[in-house]
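Me: I would like a close look at one helix packing in this model, with the cut-offs stated as you go.

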Amino acid sequence: MTRKRILTGAGLLWIALGMGFGAGKVWAAPGAPQDQAKSGYTLPEYNAYKAADAEQNPQQKIKMLDDFVKTYNNSTLMPYIYRDYYTTYMALKNYAQAIEYADRMIALGDKIDSTGRLEAYYTRAQAFYLGISDKALQTPDSLNKARDASLAGLKALEELKKPDAVAADQFETQKKGVKVLFNAVAALASTNMKDYAAAAGYYKTVLSITPDDPVTHYRLGIVFLQMTPPTGTDGFWELARAINLKIPNDAQVRAYLKNQIIRYQQPACDKLVDDQVNELLTLSASSSDKPATLNVPSAADLQKARDDTANFIPALMAGGDAGKTMWLASCGLEYPDVGVRVMEPPAVEGDTVTLKVFRGATPEEIEAATMSNMTVKIDGQPEAKRLEKDAVVRFTGTLTGYTQNPFMLTWDKAKINMEDLPEEKGPAKKGPAKKAPAKKAPSGN
């Protein structure tokens, strides 16, 4: 499906330009020689060519072409023979052989005209694109030749003169389809050579012609993510665009997008990755251009935020990109000995003790607080219920929740530092019984 998408439209170029691609020759077919000196070939030679050219069975046709080459290896009819070779091998889906004979045609240089040369470049590009899974086409030499031939094809296309019978706008429209194929092949070859910067440039050119092609967006996204270092935000954006443009197997692409974000960030909270995927899909559905402010932080960005402990709460309170990065960096992590002030008596439900506490940047801020900014859930430590309002304690817990407004952090699986737990109060001791005071004698009058 992806290959057909690239080739659709481009394959009609030759008909539109009057070249008769698939229906006739790229130039006038050779006629029977009236004078060998003028034609450059003999009548037997011409008849052997015509017989091979007319053969409908592909395998038999290849044999007849081979026989012609053995007999007339210096024939002036060789351009027509090479064309029969590569069109027949294309029909047989033997793409490596189609490329070989397209290259032989191109190597004839001035012996063929510009139209024939362009058709050979075009067929070569088709064969490479369709046959890229063939290991013979994945060698460094094959990849380099594929890219060089595509660039030469683009140059030949620009040099092609418009036929008089074709309208200028139609001519340019049809040329665009061929530009797509040549650039797609150059991109594909560059990707296999791990020249990702070059591949990205060619894919961008394709998208400048066909901006809504989901397969090209997908491939460009992969190229961005394979760069060193990865161009993460651009790569994720292109994958999201591909999904919104209804790329085939979009569920697999969505899973790939999520997995690549996890690999890029190495976060501790998977839910936040889902949130980022949804954000990318929402933004890319409403705009074809990536927002200038969009940024998907990397693992290095998250580590830098973790190390900036002084800005932990300020960044989360401020929100924005800094708050987003800090939350990605901190969610799901266990923090030791977080110092807080208990703002309310503990709430007890089963084995869980929940504390409403406050954490500030300074002791003075903690002392002046009137409302909590953290909820701490303590499991398996019933002693925590003995804590009283205004107690200052330390806990170790996992950060699992965050809201910016009103600001609140939620901690799970927490434990209070044993040194900060008050001792259990025993039953009140009874003292000796006190004697009742003696009654005063009533006073006399």
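At what angle do the axes of helix α5 and helix α6 cross, and within what distance do they come?

Reply: This is a predicted model, in which local features need pLDDT of at least 70 and side-chain atom pairs pLDDT 80 or more, while totals for chains, interfaces and linings use all residues. Residues are numbered from 1 along each chain, and side-chain values use heavy atoms, without hydrogens or water.

The axes (lines fitted to C-alpha atoms over the stretch in contact, with angles from 0 to 180 degrees between N-to-C directions) of α5, residues 58-71, and α6, residues 78-91, come within 10 Å and cross at roughly 155°; helices here are DSSP runs of H or I with at least four residues. The crossing angle therefore makes α5 roughly antiparallel to α6, a term for angles over 145 degrees. The crossing of α5 past α6 is left-handed, that is, the near helix is turned anticlockwise from the far one by less than a right angle.

On the α5 side, Pro58, Lys61, Ile62, Leu65, Asp66, Phe68 and Val69 take part in the contact, meaning heavy atoms within 4.5 Å, and they meet Met78, Ile81, Asp84, Tyr85, Thr88 and Tyr89 of α6. By class, the residues of this contact of α5 with α6 comprise nine nonpolar, one polar and three charged, where Ala, Val, Leu, Ile, Met, Phe, Trp, Tyr, Cys and Pro count as nonpolar, Asp, Glu, Lys and Arg as charged, and the others as polar.

Definitions and conventions:
Helix = DSSP H or I, 4+ residues; strand = E, 2+ residues; numbered from the N terminus. Parallel < 35°, antiparallel > 145°, perpendicular 65-115°, else oblique.
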